[in-house]
Amino acid sequence: MPERKKLIIEVRANEYAMRARNPHVPWSAEEIGQDAAECRAAGASIVHFHARGPAGEPAFGLESYRAPIRAIRARCDMLVYPTLGAFERPLSAQERVAHIVELARQGEAPDIAPMDMGSTNADRFDAASGWFTTEDRTYINSHATLRHFAHALGEAGVKPQLVCWNLPMLRSATAFLRAGLIAQPAWIYLGLSAASLAHHPPTLRGLMALVDFLPDDVRCEWTVALTGANLLPLAATAVALGGHVSIGVGDHDYAELGSPRNAELVRRVVEMARNCGREPATPDEARAMLGMPARNTVHSTKDLA
Ligand code: ZN
């Protein structure tokens, strides 16, 4: 029997999660770097993070991103995946990707950056009250903005993750791929949510309604993520179907598992995947699977010091 495809485990380290129900959400650059090293040792190959301030508030700008990128690369070879982080502030397309472009210009490009492939209402739904906590939040990603991101990230040598929370976003991602605006194989994120009604619901049918529409005329690897609930049951489905897994305490506190550290979640995914015959991919193996160039030594902070 041929060896089964290696499993890419992407850590969703912190998002904008606070620490009320899980104290292990990494905020500072040092915490993000240490967390990444633990996750690498446990079997993860990509670390996705948001820059955070001292009290956990969102942090923006070049230096806010340079510090955790350096902290990760000083400790391990994980693929580094910061956010564009413009959900909270109205910015132009150029401004939203500026920190990535500038880091690349200075030889410190991250490896991956997100492209959220559509626009949506962004109000949180409060299940307890049965209504939204806000009524007028929107998140706009026009096709012109996304085309700018595709071009800017391509020029910077940064792999886009095509973020899809629903079927129309996956159809836009497919259109970008067919138009030749995104290199193949694509890295496609299928995001489910218990907290956001803009996403597919976190059920087998919610996931399969996306998987069923993955394009078969372009090359892609896909991963599943879930905000606001435990991903592990659906992660097993993704492993069985040849997908990958994006998990972390940024997406859910995992209080039902004792509020673990990110590395503990990675260990659980690795054990489950091995039981299904799939070994975790190393960062170098993940690069090869995603069609990314082999590690560039200029990324080593030792060379920059
Ligand atoms: Zn994020």
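Okay, housekeeping before anything else. What we have is a predicted model, where local features need pLDDT of at least 70, side-chain atom pairs count only at pLDDT 80 or more, and totals for chains, interfaces and linings use all residues. Residues are numbered from 1 along each chain as its sequence is written, and side-chain values use heavy atoms, with hydrogens and water left out.

So, the big picture. The protein chain has eleven helices and twelve strands; those are DSSP runs numbered from the N terminus, helices being H or I with at least four residues and strands E with at least two. For 305 residues, a compact globule would have a radius of gyration near 19 Å, and this chain has 18 Å, which agrees. That radius is over C-alpha atoms, and the globule rule is 2.2 Å times the number of residues to the power 0.38. The C-alpha atoms fill a box of roughly 55 × 50 × 45 Å along the principal axes.

Buried residues are 55% of the chain. By buried I mean under 20% relative accessible area, with exposed over 50% and partly exposed in between, using a 1.4 Å probe and protein chains only. Take contacts, meaning heavy atoms within 4.5 Å: of those between residues at least 6 apart in sequence, 72% join residues at least 24 apart.

Now helix H1, residues 29-42. Its 14 residues reach 20 Å from first C-alpha to last, close to the 20 Å expected at 1.5 Å a residue; the expected span is 1.5 Å times one less than the number of residues. Its buried residues are Ile32, Gly33, Asp35, Ala36, Cys39 and Ala42. What do they pack against? Strands E1 (9-12) and E2 (46-49), plus helices H2 (62-73) and H9 (262-275). Just after H1, Gly43 takes a positive phi of about 125 degrees.

Staying with H9, Cys276 sits in the loop between that helix and helix H10 (283-289). Is Cys276 buried or partly exposed? Partly exposed, because its relative accessible area is 32%. Leaving aside neighbours within four places in sequence, Cys276 is in contact with Arg4 and Val239.

Over in H10 we find Arg287. Arg287 counts as buried because its relative accessible area is 6%. Not counting residues up to four places away in sequence, Arg287 touches Leu79, Asp111, Met292, Pro293, Ala294 and Arg295.

That's my tour, thanks.
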